[in-house]
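Me: I'd like to go through this model with you and ask about a few spots as I look at them.

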Amino acid sequence: MKLSHFGFELPEDLLAEYPAENRDESRLMVLNRKEQTIEHKMFKDIIDYFDEEDVLVLNNTKVFPARLYGNKEKTGARIEVFLLRELNEEQRLWDVLVDPARKIRIGNKLYFGDDDTLVAEVIDNTTSRGRTLRFLYDGSYNEFRRKLTELGETPLPKYIKRDVEPEDESRYQTIFAKNEGAVAAPTAGLHFSRHLLKRLEIKGVDFAEVTLHVGLGTFNPVEVEDLSKHKMDSEELSINEKAVDIVNTAKNNKKRVCAVGTTAMRAIESAVSSNGELNEFEGWTNRFIFPPYEFSIANCMITNFHTPKSTLLMMVSAFAGHDFIKRAYDEAIKEKYKFYSYGDAMLII
């Protein structure tokens, strides 16, 4: 399949600027692959599609406040610094994006906060927008991390044009977030409320937690028509023995194994054994899933509505079938479903 197969016209007013008032009350489109049917529900209705010993695979990564604003020495120009990943804890080196990039060169210093207690020096210029910064800070490492958290703000996606609001801090985070390290939320998980998780638990549904620290590479535009030539950025992944046992037991018992989101799906598909079971994993993955693709673990998926030509749309098309997804997206646009990070959800069974 080619990049052009994944283009469609998405009206701008369908991009969700705000989340639904209540997490589990966003809309839900249910796609049945076998019957080729489409139903319209509320997200909390997903409980009707799961039974005892079915499994939901959750990505428990936690978003950190990755967007900082600093001032360039001498000129005082305001510079946005987006923290991508920590390269060296001891030396306080970070891989970052800067905007506007043209103003920032090796040797420049940036000052953060009203009192300028946090300073960063540009020590490497890796790409047109990317830089390596060394943070200069007098306190301990823990104090330095606290300072980053205090000065940083929730890294809402760029398509959201409004300012970050206090509620974004909690709403752009799943309620099961535990392990800090993501610069973008695993958005399918945002629809789960504590009440809904408790109801699923009472029904006997199991939860397997994996950790995939979502990077910005997930959202990088695909710029090659031949999809096999696209390279995904690597993201850190951890799958422990407990998750492996829960998933493989359900799989062997022919139960429903549901990946909550494209990140959870990418995580488990990156750790498949030769006999098609889930393995423990500790490391990095740059798995790119696009049609045609044979999925090994999950037989069900929860996901949001994705933007044209995105790697996320490609994965969903591989799972549900390209023509079926095209029909579902046409209907979503007609029915005014909300798209992207704060948007509505889809259940594919």
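Me: Is E52 buried or exposed?
Reply: E52 counts as exposed, because its relative accessibility is 52% (exposed means over 50% relative accessible area, buried under 20%, and partly exposed in between, with a 1.4 Å probe and protein chains only). This is a predicted model, in which local features need pLDDT of at least 70 and side-chain atom pairs count only at pLDDT 80 or more, while totals for chains, interfaces and linings use all residues. Residues are numbered from 1 along each chain as its sequence is written, and side-chain values use heavy atoms, with hydrogens and water left out.

Me: Where does E52 sit?
Reply: E52 is placed in the loop between β2 (37–42) and β3 (55–59), where strands are DSSP runs of E with at least two residues, helices are runs of H or I with at least four, and both are numbered from the N terminus.

Me: And which residues form the negative surface patch?
Reply: D51, E52, E53 and D206 form it. Patch members have over 30% relative accessible area (Shrake-Rupley, 1.4 Å probe) and no salt bridge, with like charges joined within 9 Å; Asp and Glu count as negative, and their charges are placed at CG of Asp or CD of Glu.

Me: Switching to salt bridges, how many does the structure hold?
Reply: The structure holds 11 salt bridges, each being a side-chain nitrogen of Lys or Arg within 4 Å of a carboxyl oxygen of Asp or Glu.

Me: Which residues are linked in a network?
Reply: R67, E80 and K158 are linked in a network of salt bridges. The side chains of R67 and E80 meet at 3.2 Å, N to O, and this pair links distant parts of the chain, with R67 in strand β5 (residues 67–72) and E80 in strand β6 (residues 78–88), 13 residues apart. The side chains of E80 and K158 meet at 3.0 Å, N to O, and that pair spans 78 residues, since K158 lies in the loop between α1 and α2 (168–171) while E80 is in strand β6.

Me: Why does E80 count as buried?
Reply: E80 counts as buried because its relative accessibility is 10%, and R67 is buried as well.

Me: What does R145 pair with?
Reply: R145 meets E86 in a salt bridge of 3.6 Å, N to O, which joins helix α1 to strand β6 across 59 residues. R145 is partly exposed, with a relative accessible area of 21%, and E86 counts as partly exposed at 27%.

Me: Staying with α1, which of its residues are buried?
Reply: In helix α1 (residues 141–151), F144, K147 and L148 are buried. Seen down the axis of α1, its buried residues fall within an arc of 100°, so they line one face of the helix; the arc is that of the directions from the helix axis to the C-beta atoms. The face turned away from that buried side carries the exposed residues N142, R146 and E150.

Me: What is phi of Y340?
Reply: Phi of Y340 is near 80°, a positive value in a residue other than glycine. Y340 lies in the loop between α7 (322–334) and β17 (345–348) and is buried, with a relative accessible area of 15%.

Note on methods
Patches are made of residues with over 30% relative accessible area and no salt bridge: like charges are joined within 9 Å, nonpolar side chains (Val, Leu, Ile, Met, Phe, Trp, Tyr) within 5 Å.
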